[in-house]
Amino acid sequence: MTEGQRSHLDFKNDSAEVDILRRWLAGLEHDRGTRATLRRCRSPGEVELMPEFHRLWWQIKPLATKAYPQSLAAVVGLVSQLKADTGPKITLAAQMGRPLDRDRATLSGLRFRRLLAITERDDLYTAMTRVLRHLDGQANLADLAQGVYGWNDYVRKQWAYAYYEVAPNKEA
């Protein structure tokens, strides 16, 4: 491990990975064709075939001794769906659980439970694409990247705590 290099990639809000990801996303604003192509990808495998993914991969890969391209491809494809980064004020799961009105969360409890049941990355990619559309393309970029990159039981439990903390009682 070289100096400044970690064992795993970490997408916390103030990390180098998130800074690179934000700059990369800002660059897509000037390259709408590439962004549109990334948005049409139906799986992380399709994202991995895109040159724009590889440009980002070679920037982020040196930050950690273990970096997983399929996980990063899922992040890249989903981040390309964002219209706006809402910043660290609210987690993605809390945004999904935030009440639309007195009795309903932004993302229904049933949809949220189905999301948490997903274990395969391709299925997660498809579901999160739908979630981001439901949120009108506005989400916490760092939290999205951290959750999708590291999708496991721990992440699912953290998301459940954040969602149910704010979701109306009817959704629980």
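A search of the whole structure, which is a predicted model, finds eight aromatic pairs, a pair being two rings of Phe, Tyr or Trp (its six-membered ring) whose centres lie within 6.5 Å, with planes under 30 degrees apart counted as stacked, over 60 as edge-to-face and the rest as tilted. The rings of Phe-53 and Trp-57 have planes at 20° and centres 6.3 Å apart, so this pair is stacked. Both residues belong to helix α4, where a spacing of four residues separates them by about one helical turn; helices (H or I, at least four residues) and strands (E, at least two) are DSSP runs numbered from the N terminus. Phe-53 is buried at a relative accessible area of 1%, and Trp-57 is likewise buried at 7%, where buried means under 20% relative accessible area, exposed over 50% and partly exposed in between (1.4 Å probe, protein chains only).

An edge-to-face pair is formed by Phe-112 and Tyr-164, with 5.8 Å between the centres and 85° between the planes. Phe-112 lies in helix α7 and Tyr-164 in helix α10, so the pair ties together parts that are 52 residues apart in sequence. Phe-112 is buried, with a relative accessible area of 0%, whereas Tyr-164 is partly exposed at 30%. Ring pairs also link Phe-11, Tyr-68 and Tyr-149 into a cluster. Residues are numbered from 1 along each chain as its sequence is written. Local features need pLDDT of at least 70, side-chain atom pairs count only at pLDDT 80 or more, and totals for chains, interfaces and linings use all residues, while side-chain values use heavy atoms, with hydrogens and water left out.

Leaving aside residues up to four places away in sequence, Met-128 touches Leu-78, Leu-92, Met-96, Leu-115, Leu-144, Val-148 and Trp-159, contact meaning heavy atoms within 4.5 Å.

Helix α5 has nine of its 11 residues buried, so it is largely enclosed by the rest of the structure. Among these buried residues are Ser-71, Leu-72, Gly-77, Leu-78 and Val-79, and what covers the buried residues of α5 includes α1, α2 (32–40), α3 (44–47), α4, α8 and α9. Elsewhere in α4, Arg-55 is partly exposed at 48% relative accessibility and lies 9.0 Å from Trp-24, C-alpha to C-alpha, across a separation of 31 residues in sequence.

Ser-15 is found in the loop between β1 (6–8) and α1, and is buried at a relative accessible area of 9%. A polar atom of the Ser-15 side chain lies 3.2 Å from the backbone nitrogen of Val-18.

Terms used:
Polar contact = N/O pair within 3.5 Å; in protein donor to acceptor, adjacent residues only side chain to side chain.
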